[in-house]
Amino acid sequence: MSESNQNGAQMQNGAGAQVSKGGTEDTLHEVIVIGSGPAGWTAGLYAARANLEPLLITGDDFGGQVSITYEVENYPGFPEGLSGPDLVEKFKAQAERFGCTTSYDHVTEIVVDEHPFTVRTSQDKEYRTKSLILCTGARPRFLEVPGEQEYTGKGVSYCATCDGFFFRGKELVVVGGGDSALEEGLFLTKFATNVKVIHRRDELRASKILQDRALANDQIEFVWNAVVTSINGNENGVVSGVNTRDTLTGEQGELATDGVFVYIGHIPNNDLYHGKLDLDEDGHLIADPMTRTNIPGVFAAGEIADKVFKQVATSVGQGCAAAMQAEKFLASLEAVGLPDLNEDPRAWPTPGVPKQTADLVAAD
Ligand SMILES: Cc1cc2nc3c(=O)[nH]c(=O)nc-3n(C[C@H](O)[C@H](O)[C@H](O)COP(=O)(O)OP(=O)(O)OC[C@H]3O[C@@H](n4cnc5c(N)ncnc54)[C@H](O)[C@@H]3O)c2cc1C
């Protein structure tokens, strides 16, 4: 069985069609949410509570990046912290409690140039929907060296905001030479006594201002022309050091460290969107602060559209906003009909209000 909903097998969708538990092809959904990270579950929760009976398609990485997070300590409401997988289970249970249906499937194609939109999946399902909330997130680029997986959450991290706090008074390594590596390296100097930035070249890709700040910070040292070849641990099962290789001479080296923060790139999960939706130069969906993409009725939330904050709390907030916007879109669809799909909704005149709703307000 690939779909679940705590409310039972048969559900009535907004269009009045009978929806079987297996998700029949002729169902017209009000909203489909793609992705099961924090943004997706929150969009599912809010859409469910708005009686839109959302279908959430999880993707191959159930729970998204949180599911590989050992301990989440900065998500409000959980003062003791909790494991990433536990948080995902809570997100899911809450969304399903209000009628969100979960489909354990992966989307292979979306068609957004005609309405209703079409969603095709790897289990050969085809869904039609009046609105879409895209929450396909991103993934950190991994070093792919021995020890990385083993020590993730035990000294290896991809998020200084999340984990820097645990390294008060410690010595750290940051891997990378771009803006994120330097920004996070600077942030880590609030906790760590020393941060060594290991970079594969002898010049940085980061912006000049960040370079100046990092180079002027006496807690930061640079290890130039070096790559990490393995991450090592001690008898307590936590990181104790890294092995390195000089990219020019091939010379092997070793550095003792208490933690390794990896910033060698962040990859948006955007395979579905090329040639269909506006993407920025890094491949993130371009959505406005109202979570609108360039197609009316298609919204984006979480890290697929956010390359700045990249947190559970911000992704949750954006998922909430996207569902509220989808609800507005559906209301105006019912009241005044389909907008021109070629017209970019981000250019609509009333900030925060879909054009049709604005027209309705004006007519009152
Ligand atoms: C190791 C690690 C530790 C972290 N620790 C913290 C922390 O302590 N606190 C914190 O606030 N943040 C932390 N973060 C960041 C946080 O996890 C992310 O900001 C957050 O998960 C982003 O949520 P999201 O919903 O946008 O996407 P993601 O979590 O990236 O989820 C994306 C979802 O989209 C799905 N998907 C992708 N493509 C498709 C497709 N074609 N069809 C269907 N589904 C698809 C995936 O299966 C996945 O479920 C951490 C990140 C990492 C990597």
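User: To begin, what pLDDT does the chain average?
Analyst: This is a predicted model, and the chain averages a pLDDT of 90. Of the residues, 89% score at least 70.

User: Where is the pLDDT below 50?
Analyst: The pLDDT is below 50 over residues 7–24. Beyond near neighbours in sequence, this stretch has 30 contacts in the model.

User: Let us turn to the ligand. How many residues surround the ligand, and which are the closest?
Analyst: The ligand is surrounded by 39 residues. The closest are Gly37, Gly59, Gly64, Gly137 and Gly302.

User: Which elements give two or more residues to that shell?
Analyst: They are helix 1 (38–49), strand 10 (138–140) and helix 6 (312–336).

User: And how do the residues of the shell divide into nonpolar, polar and charged?
Analyst: The shell around the ligand has 18 nonpolar residues, 17 polar ones and four charged ones.

User: Now strand 9. How many of its residues are buried?
Analyst: Strand 9, residues 126–134, is mostly covered, with seven of its nine residues buried.

User: In which sense does strand 4 pair with strand 9?
Analyst: Strand 4 (residues 28–34) pairs with strand 9 in the parallel sense, over six bridges. Within this pairing, Leu28 stands opposite Arg128, and His29 has Thr129 as its bridge partner.

User: What about strand 8 and strand 9, parallel or antiparallel?
Analyst: Strand 8 (residues 117–121) and strand 9 are antiparallel and share four bridges. Arg120 stands opposite Glu126 of strand 9.

User: How many residues lie between the strands in that hairpin?
Analyst: The hairpin of strand 8 and strand 9 has four residues between the strands. Asp124 in this hairpin takes a positive phi near 60 degrees.

User: Over how many bridges does strand 20 pair with strand 9?
Analyst: Strand 20 (residues 298–300) and strand 9 pair over three bridges, in the parallel sense. Leu132 has Val298 of strand 20 as its bridge partner.

User: Back to strand 4. How many of its residues are buried?
Analyst: Six of the seven residues of strand 4 are buried, and the strand is mostly covered. Strand 4 also pairs in the parallel sense with strand 5 (residues 55–57), over three bridges. There, the bridge partner of Ile34 is Ile57.

User: How many bridges join strand 15 and strand 16?
Analyst: Strand 15 and strand 16 (residues 239–246) pair over seven bridges in the antiparallel sense. Gly233 stands opposite Val239 of strand 16.

User: Last one: which residues of helix 4 are buried?
Analyst: In helix 4 (residues 179–188), the buried residues include Ser180, Ala181, Leu182, Glu184, Gly185 and Leu188.

User: What covers them?
Analyst: The cover over the buried residues of helix 4 includes helix 3 (160–163) and helix 5 (208–216). It also includes strand 12 (171–175), strand 13 (194–198), strand 14 (220–223) and strand 18 (259–262).

Technical notes: Residues are numbered from 1 along each chain as its sequence is written. This is a predicted model: local features need pLDDT of at least 70, side-chain atom pairs count only at pLDDT 80 or more; totals for chains, interfaces and linings use all residues. Two strands pair if DSSP finds at least two bridges between them. A residue is buried if 20 or more other C-beta atoms lie within 10 Å of its own, exposed if 12 or fewer, and partly exposed in between; C-beta atoms are placed from the backbone. pLDDT is the predictor's confidence in each residue, from 0 to 100. Two residues are in contact if their C-beta atoms, placed from the backbone, lie within 7 Å. A residue is near a molecule or strand if its C-beta atom, placed from the backbone, lies within 6 Å of it. Ala, Val, Leu, Ile, Met, Phe, Trp, Tyr, Cys and Pro count as nonpolar, Asp, Glu, Lys and Arg as charged, and the others, Gly among them, as polar.
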